[in-house]
Amino acid sequence: MVKENEVPGRLEWRVNMPNGSSRILAPESRETCSRLQSLVMGIVLNIKGFLDKAWNLAVNEPKKVVHCLKVGLALSLVSVFYYMRPLYDGVGGNAMWAVMTVVVVFEYTVGSTLYKCVNRAIGTCLAGSLGIGVHWVASQAGDKFEPVILQVSVFLLAAAATFSRFIPTIKARFDYGAMIFILTFSLVSVSGYRVDKLVELAHERVSTIAIGASICIFITMILCPVWAGTELHHLISNNLEKLADSLEGYAAENFSVDGSKNVHEKDSSKRLQGYKCVLNSKAAEESMANFARWEPAHGKFNFRHPWKQYLKIGASMRSCAYCIETLHGGINSNTETPEFLKKPLNDVCMRLGTSSSKVLKEMSSMIKTMKKSTKLDILVDEMNSSVEGLQNSLKIFPSYQHIPTPDPATEETPNGTEEPSLKPTALSLMEIVQMATLTSLLVEIASRIEGIVEEVKELASQAEFRDESSKKSKQTQTEINGNDGNEHEVTVKTLQQV
């Protein structure tokens, strides 16, 4: 029995239990409703944030959206073999292997797709051939020894193929093929024990895999191809520019005068973070360089383009980025270098940072345009002269500075005001160490930039970059020949008139 009791200030429901006791049922609290409402709003906001991130990704990188459409198109085409009866009968009912091949091997770049397709084809054909051969040998041994031979062959070949995946050369180029070899050989060996027409089954599966791989290669190379070599080329060029921006931003942050320091205040934090992209790009560079070797000649890149040289440039850039990271740590350290200590070195340090940044930007432009630069050597000489200027300034840098300090024995000025006298104050050890660290890191960065210059020049030599000076000389020679030809025509006309 439920009774309604009205208590001043609120409404209660009391329930009489069978054992004679009673229980009060309180209405649902507002806190529960607010918690439920906040939970729903949190879920909605998370979904909205996810959709915003997805939209920004699609806007910033439309190539990835195109890749998604290409995958959908490839799956639609390969599914025709499963839906249409004549095609389905032609592949023996194994059309699903073609669908699985498209899902597994279709990658973002042309090189990665070719890498997986070739590895899958080699692994499948080799494993299928060995599987059929082992099955024939086992069948000749009789029913008693057939399963033993099959099990021993699976154990030995699977163990050997797995071990080969630890070899660096095979792991870099044929790791996926070794995995497919293990899978295919195991399936053929085990299923061959119960299947009579093993050769026909292997032929059908190889055919369907070839169909799926062919569709993937055709779509990825024809429709808006994304070349791994081109992506690596742009990555190295952009990283050089980011490294230059970080170094220039550091110089502006620490060694610019007070009047010009606020100019760089807004974008200095963003520019200083550019070196982190260089430090975090090692895995991407190695992956792109590996996939670029599988790609045919395209654009400005020949078939034997020196992709390994890009890895050497990336390694040299990271060694320089580590020094910039140390400089960035010095910016945020608790021990700051006093302004009066930095002031005598502001000009030389700013000049060195600017000249080093120009060298990096010139190399970025050189790689981007694939043309040899005539200004690179001049900029390197300018950077080296800035290093010498900094070293000379450090040699004559005094061990103490005259700074204003309060002195009890002050003198009255004509206006009646007191001025503190200038007394020599010795520098603390931490201040000297901090300043020495900053300047030595700048010198070390310039030295490591010279290493990057050597690697970029080696790339220009191996990839046969075009020479700007020869091009200009050819244009000049053409203009001269054109002028000579015009003069010759005028002379001939004059003689004819005479």
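## Basis

The model is predicted: local features need pLDDT of at least 70, side-chain atom pairs count only at pLDDT 80 or more, and totals for chains, interfaces and linings use all residues. Residues are numbered from 1 along each chain as its sequence is written, and side-chain values use heavy atoms, with hydrogens and water left out.

## Chain

The chain holds 19 helices and nine strands; these are DSSP runs (helices H or I, at least four residues; strands E, at least two), numbered from the N terminus. Of its 498 residues, 35% count as buried, where buried means under 20% relative accessible area, exposed over 50% and partly exposed in between (1.4 Å probe, protein chains only).

Contact means heavy atoms within 4.5 Å. Among contacts between residues at least 6 apart in sequence, 75% join residues at least 24 apart.

## Cys-117

Helix α5 (residues 110–140) contains Cys-117, which is buried at a relative accessible area of 4%. Leaving aside residues up to four places away in sequence, Cys-117 touches Val-105, Ala-213, Cys-216 and Ile-217. From Cys-117 to Thr-101 the C-alpha to C-alpha separation is 8.6 Å, and the two are 16 residues apart in sequence.

## Positive phi

Most residues other than glycine have a negative phi. Cys-224, not a glycine, has a positive phi of about 45 degrees. Cys-224 lies in the loop between α8 (198–222) and α9 (228–255) and is exposed, with a relative accessible area of 52%.

Met-370 also has a positive phi, near 55 degrees. Its loop runs between α16 (346–369) and β4 (371–372), and Met-370 counts as buried at 7% relative accessibility.
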